[in-house]
Amino acid sequence: MRDKNPDRVFIFDTTLRDGEQSPGFHLDANSKLRIARQLERLGVDVIEAGFPISSPGDFEACRRIAREIRGATVTALARAVREDIDAVWGALKDAQDPQIHIVLSVSDVHIDRKLGMTRAQVLKRGAEMVEYARFLCDKVEYSPEDAGRADPDYLIETVETMIAAGANVINIPDTTGYCLPYEFGELVRRVINEARGSEKALFSVHCHNDLGLAVANTLAALSAGARRVECTINGIGERAGNTSLEEVVMLLKVRQSKLGLECAVETREITRTSRLVSELTGTPVQPNKAVVGANAFAHASGIHQDGVLKDRLNYEIMKPEDVGLADSKIVLTARSGRHAFHHRLSRLGITLSEGKDDEAWQRFLVLADTKKEVTDEDLRKIAAMAETNGTNGHEGNGHPPVTDQLHDHNHVADAMRHMIFG
Ligand code: KIV
Ligand code: ZN
């Protein structure tokens, strides 16, 4: 199951299963199919289509995805019971490359308080269900749920047992988002090094973001030898969400020379995919979200705008084009400087006539203090008003005058800006 290239990282997208499990994120079958098609275009290796036993609608969505998608492995989730596994197989058997994904807890918290079983019973049940799933399908993934809080020795015993039973992918989930990066990396390293038969399996990780560490934990696991990453578009998923696909993928790309790892995702499809998921789930992406947030490639302060306009390298570590954006954004606000102001005017094809520059700039400052963003439309008006204002300070064409008082105020503001932004 491992790739010939030891540096290849496989991207397993679970937007349609773990992502869709988040409260308020329900997707109907048509929406799921649209997202699956876009994930195929994005170039993910595995699409987790859903949890077929959960509802007839989800079964049908998984079946349609399995029948249509040809460029990726299609998987779906089953608990370690025959009915679930049969439902997954019923939905996926027409897929070009199907995989059955089985989940069963491994932490004592879950074994005692959720399952009411013993460790030995869990091992027996897991192995029986892996064998059953392998009888149906060549590819079986086993997820020992809550591995991040489990006894590592019992986790290792579980992994050995499931590989011996026929699992060819072992996933190590930090289900509750509890682990620290160095702890999680160490856990994954121990499992890969110590579990007998580990060379026969591909190791995957599945991290949750309860403490904001999902991507960091995923990276630690990759450094420890895991080669598959379970993640979602926009980081959606149970509670605080899952590892964000776009963050991991861009991390691999931007820091390739340091990490030496690669994946097959077409990064220029990232923005389109993020927007589609946001639109179909009806959930906006937070503006400061890494890679796909509206502000991820926007510059608003004078210092940064000046730097970016001189050379993007000053403040951008990745190219907007690489994630499918046309360009970075220079947003005009009260914190902007003259460099950005002139840049935006010139992009609108506006050249102010001699002596009108200060007038336009003062008007910009007055307006910028009253709103969040000065738009192109505002800039056109500012330029027109500056042009029509007479040299004696009286304005023509009925435009409101820029009062002496405002001039005073703005001269102070301008002087301060010069001191700060140059
Ligand atoms: O968080 C989790 O443990 C899961 C498993 C099904 C992998 O979602
Ligand atoms: Zn999960």
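Where is Lys372 found?

What we have here is a predicted model, so local features need pLDDT of at least 70 and side-chain atom pairs count only at pLDDT 80 or more, while totals for chains, interfaces and linings use all residues. Residues are numbered from 1 along each chain as its sequence is written, chains are lettered from A and ligands numbered from 1 in the order in which they are written, and side-chain values use heavy atoms, with hydrogens and water left out.

Back to our lysine. Lys372 is found in the loop between helix 15 (357-368) and helix 16 (376-388); helices here are DSSP runs of H or I with at least four residues, strands are runs of E with at least two, and both are numbered from the N terminus. Lys372 counts as exposed, at 79% relative accessibility. For that label, exposed is over 50% relative accessible area, buried is under 20%, and partly exposed is in between, using a 1.4 Å probe and protein chains only. Leaving aside neighbours within four places in sequence, Lys372 is in contact with Leu332 and Thr333, where contact means heavy atoms within 4.5 Å. From Lys372 to Leu136 there are 236 residues in sequence and 59 Å in space, C-alpha to C-alpha.

Now look at Val374, which lies in that loop between helix 15 and helix 16 too. Val374 counts as buried, at 0% relative accessibility. Apart from neighbours within four places in sequence, Val374 is in contact with Leu332, Arg344, Phe364, Leu367, Ala368, Leu379 and Ile382. Val374 and Phe341 are 33 residues apart in sequence, and their C-alpha atoms are 9.8 Å apart in space.

Let's move to the metal. Which residues coordinate the zinc ion, ligand 2? They are Asp18 through OD, His206 through NE2 and His208 through NE2, at 2.0 to 2.1 Å. Donors are N, O and S atoms within 2.8 Å of the metal (3.2 Å for Na, K and Ca), and water is not among the atoms, so sites may look incomplete. Along the chain, the zinc donors follow the spacing D-x187-H-x1-H. Asp18 sits in helix 1 (residues 15-19) and His208 in the loop between strand 7 (202-207) and helix 9 (214-223), so this pair ties together parts that are 190 residues apart in sequence. Both Asp18 and His208 are buried.

Ligand 1 comes next. Around ligand 1 are Arg17, Asp18, Leu77, Val103, Ser143, Glu145, Asn171, Pro173, Thr175, His206 and His208, each with a heavy atom within 4 Å of it. A polar side-chain atom of Arg17 is 3.0 Å from an oxygen atom of ligand 1. For Asp18, an N or O atom in the side chain is 3.0 Å from an oxygen atom of ligand 1, and for His206 a polar side-chain atom lies 3.1 Å from one. The cut-off for a polar contact is a pair of N or O atoms within 3.5 Å.

Thr14 is in the loop between strand 1 (10-13) and helix 1, and is buried, with a relative accessible area of 0%. Not counting residues up to four places away in sequence, Thr14 touches Gly19, Glu48, His206, Cys231, Thr232 and Asn242.

What about the interior? The largest nonpolar core has 93 residues, and Ile102, Ile170 and Ile172 touch the most other members. A nonpolar core is a set of buried Ala, Val, Leu, Ile, Met, Phe, Trp, Tyr and Cys residues joined through side-chain atoms within 4.5 Å. A second, separate core of 18 residues includes Phe341, Ile350, Phe364 and Ile382.

Finally, the cysteines. How many disulfides does a search of the whole structure find? The search finds zero, a disulfide being a pair of cysteine sulfur atoms within 2.5 Å. For Cys179, the nearest cysteine sulfur is that of Cys207, 7.7 Å away. Cys179 is buried, with a relative accessible area of 2%. For Cys263, the nearest cysteine sulfur is that of Cys231, 8.9 Å away, and Cys263 is partly exposed, at 21% relative accessible area.

Definitions and conventions
Polar contact = N/O pair within 3.5 Å; in protein donor to acceptor, adjacent residues only side chain to side chain.
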